[in-house]
Amino acid sequence: MSTFVSAGNRADVSGNDVLQYWYDDPDTDVVLMYLESIGNPRKFTRLARRTAAAKPLVVVQGSGTAPRGTPSGRPACRTPRSPRCSGRPA
């Protein structure tokens, strides 16, 4: 293991910053990330694709990203007209 980072949601270092560092780091052979949220999805996707082309990349997104009140393991509503959002059976 070359590096390990544990940062809270209020840290000045984002997942994108860490992913960029690991991409550039010659001592990093494999990247494993656990993220509660992704601040800038477009940038993250670009960095993740580039990193995955160079070294194995595994990203696990935590359940903390669901809207408040959504039970873990259940999909969140996508649109107000979705049957899940209205309470009507699908």
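## Briefing: contacts, core and pocket

N16 touches N40, K43, F44 and L47, leaving out residues up to four places away in sequence. The model is predicted. The protein has 3 helices and 2 strands, and along the sequence they follow the pattern α-β-α-β-α.

**Overall make-up**

- Of the 90 residues in the protein, 18% are buried.
- Among contacts with a separation of 6 or more, 59% are between residues 24 or more positions apart.
- Searching the whole structure for aromatic pairs gives 0.

**Nonpolar core**

- The largest nonpolar core consists of 9 residues, namely V18, L19, W22, V31, M33, L35, F44, L47 and A48.
- At least two residues of this core come from each of α1 (15-24), β1 (31-35) and α2 (41-54).
- In soluble globular proteins, nonpolar side chains tend to be buried together.
- M33, a member of the core, is in contact with G15, L19, W22, F44, V58, V59 and V60 when neighbours within four places in sequence are set aside.

**V31 in strand β1**

- V31 is found in strand β1 and belongs to the largest nonpolar core.
- V31 counts as buried because its relative accessibility is 1%, and the cut-off for buried is under 20%.
- With neighbours within four places in sequence left aside, V31 is in contact with L19, W22, T51, K55, P56, L57 and V58.
- One of these contacts, K55, is 24 residues from V31 in sequence, while the C-alpha atoms of V31 and K55 are 7.3 Å apart in space.

- N16 lies in helix α1, and its relative accessible area of 8% is why N16 is classed as buried.
- Among the residues N16 touches are F44 and L47, which are both listed in the largest nonpolar core.
- Y23 also lies in helix α1.
- Y23 has a relative accessible area of 27%, so Y23 is partly exposed; that class runs between the 20% limit for buried and the 50% limit for exposed.
- Y23 touches R50, T51, A54 and K55, not counting residues up to four places away in sequence.
- R50 lies over the face of Y23, with a distance of 4.0 Å from the ring centre.

**T51 in helix α2**

- T51 lies in helix α2, and T51 is buried because its relative accessible area is 0%.
- Y23 and T51 are 28 residues apart in sequence, and their C-alpha atoms are 5.5 Å apart in space.

**Largest pocket**

- The largest pocket holds about 790 Å³ of space.
- The largest pocket is lined by 31 residues, and V5, G15, M33, Y34 and L35 are the closest to its centre.
- The elements giving two or more residues to this lining are α1 and β1.
- Strand β1 provides the largest share of the lining, 5 residues.

Definitions and conventions
Residues are numbered from 1 along each chain as its sequence is written. This is a predicted model: local features need pLDDT of at least 70, side-chain atom pairs count only at pLDDT 80 or more; totals for chains, interfaces and linings use all residues. Side-chain values use heavy atoms; hydrogens and water are left out. Rings of Phe, Tyr and Trp (its six-membered ring) pair if their centres lie within 6.5 Å; planes under 30 degrees apart count as stacked, over 60 as edge-to-face and the rest as tilted. A charge sits over a ring if NZ of Lys or CZ of Arg is within 6 Å of the ring centre and within 35 degrees of the ring normal. A nonpolar core is a set of buried Ala, Val, Leu, Ile, Met, Phe, Trp, Tyr and Cys residues joined through side-chain atoms within 4.5 Å. Buried means under 20% relative accessible area, exposed over 50%, partly exposed in between (1.4 Å probe, protein chains only). Helices (H or I, at least four residues) and strands (E, at least two) are DSSP runs, numbered from the N terminus. Contact means heavy atoms within 4.5 Å. On a 1 Å grid over the protein atoms alone, a cavity is a set of points where a 1.4 Å probe fits but cannot get out, and a pocket is an open set with protein on both sides within 12 Å along at least five of seven lines; lining residues have an atom within 4 Å of a point. Grid points are joined across faces, edges and corners, and a volume is the space filled by probe spheres set on the points.
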